[in-house]
Amino acid sequence: MNERLKALYKEVILQHSKEPFHFGKKEDCDHVIVANNPVCGDNYKFYVNAEKQTLKDVYFHGFGCAISKASNAVLVQLISDQDLKKAYATCCAFLDYLDNRNNAPKTVTDPAFEAFSAVHEFPSRMDCATLGWREVKKFLENMKEVRYSAQ
Amino acid sequence: MIDPQFIKSHFPVFRHHAGLIYFDNAATTQRPGVVIDKLNDFYSRGNANIHRGLYGLSVNATTNYEAVREKVRDFIGGKTKESVAFTRGTTEAINVVANTYLKPRIGAGDNVVISAMEHHSNLIPWQQLCLQKDAELRIIPVADTGEVVIDAVNDYLDRKTKMLAITHISNTLGTVNPVDKMVDIAHRKKVPVLVDAAQSACFYPLEVASLDCEFLAFSGHKIFGPFGVGVLYTRPDLIEDMLPYNYGGGMITHVGFDESTFMPYPYNLEAGTPQIAEVIGLAEAIDYLRQVDKTEAIDHVSGLAAYFIEELNKIGKSAVIASPKERTGIVSFLLDNIHPHDVATFLAEDNIAVRAGHHCTQPLLEQMGVRATLRASFSIYNTREEIDRMTDKLTEIQRFWS
Ligand SMILES: Cc1ncc(COP(=O)(O)O)c(C=O)c1O
């Protein structure tokens, strides 16, 4: 197995994808966020409860590759029980971390992000890593009660 | 016998990518040097617009472009070259039939029949037309073997059926359909048939005249030809029913501000400046294919598929999707419960190109109970040694994953 692949499929990613955090259907939640990639068929749902400006008990379920599943598991872990604004900032930070358009050295704002650093080397897998984060970010943007400042 | 190494030497891509194992031929084949040279040659020595110029270059370009119709007629075993229209590809050809032939002939309560294994491009044009016209889209089921239930075909057709649109070969499962039987069944009920030959045109004799289908479509890029060119064959007795698809220059007989009259099929479908170089390049691909014995080619690619399945079965926890009696060189499979994209990424690191996903057949995969598969599709430049490399790698991936 070559080093590039080992870097992409780090132990944490394999672990997350085999036993993802909060993986399950919670249809009786306040909001369902759908994350579909029509090109590859990845298909996830996030089950979200928003209580007093806080995301409670976020779960996800669906079908996709190891990278997308692990990335969604980390997402759910990081935004569960987080204040809406913080959750939004977390999404922005992750997407910025993976954004390879600006070559500036990346500061890892959360150690959990680091597992995905090798995705930079695999542009074809970028969508897998970012799909859920983009959809959750969009959802948070659309929640009227939240006012975001560019942080 | 097919000599894959000799054939490979005709394809420049393998010189530029030493060690490339290209198993994505169902998506697009590679191009032999002669086809690439032909495009270059046209642009370097023969470039001019057709149909309008009176000078030598344009006259020659027109002659060369029109000569391809005859070449295609011969290639597909048609009767007249006027039954051959150039399109951008299979997708456009099917849309043309749905929107110019069928649209005026279908109404509320009528139906169109397709199979469950159609590529999205032989599904959505009919689906959307049926939605517009309040007609019904009927789907002939596919058995677990990956074969269209042939005994059911008859039951799906009735007096209200306006078209049977069926693929010759499933791009996902590799199934070769008995299209001749299906055409017979449809014709007994006076139902016209469109055959999607995207996956079969390369090696399978089409023989449209004896098949007697009303329409047939395929793409140049899947038969060693250029991108952006495809063929729509229309049975000669129906060409007067084919109306223009796009309007513009090149397809008119008279234009006034109030009304215009149009050239007959196939010219009425080729509005604007067509893909002249690509059409001419397609002829070169057909010439190249002429040197390949079709029976040997079919034996080669389906032999590779059989060999791959045999080797794959030796790897525990792998699964081949579908087991049709007649299979071309296309195999959809799964490795353990590892997602196809992850497997494909691993294979890509070893220079092995396969496809992972739904292969533009989402409803089919849903029916087969899978969301995505890996697909290996073989051509005449592929070898057993390449398959061994892939199965070795698959074994390694599985070990890494477990
Ligand atoms: C069976 C089948 N039909 C239709 C198509 C569409 O061909 P094109 O994209 O060249 O129009 C394909 C291509 O993947 C195919 O495999």
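Q: What share of the accessible surface of chain B belongs to carbon and sulfur atoms?
A: In this predicted model, carbon and sulfur atoms hold 50% of an accessible surface of about 16,500 Å² for chain B.

Q: What makes the radius of gyration of chain B agree with that of a compact globule?
A: The rule is 2.2 Å times the number of residues to the power 0.38. For 402 residues a compact globule would have a value near 21 Å, and chain B has 22 Å, so the two agree. Along its principal axes, the C-alpha trace of chain B spans about 70 × 55 × 35 Å.

Q: What percentage of the residues in chain B is called buried?
A: Buried means under 20% relative accessible area; of the 402 residues in chain B, 58% are buried.

Q: How many helices and strands does chain B have?
A: Chain B has 14 helices and 15 strands. Of its contacts between residues at least 6 apart in sequence, 71% join residues at least 24 apart.

Q: Which residues of α4(A) are buried, and what do the buried residues pack against?
A: Among them are Leu84(A), Ala87(A), Cys91(A), Phe94(A) and Leu98(A). The buried residues of α4(A) pack against β3 (54-63), α3 (66-79) and α5 (126-142) of chain A.

Key
Residues numbered from 1 in each chain as written. Chains lettered and ligands numbered in written order. Predicted model: local features only at pLDDT ≥ 70, side-chain atom pairs only at ≥ 80, totals over all residues. Heavy atoms only, no water. Helix = DSSP H or I, 4+ residues; strand = E, 2+ residues; numbered from the N terminus. Buried < 20%, exposed > 50% of the residue type's maximum accessible area, 1.4 Å probe, protein only. Contact = heavy atoms within 4.5 Å. Areas by Shrake-Rupley, 256 points an atom, 1.4 Å probe, with all protein chains shown as cover.
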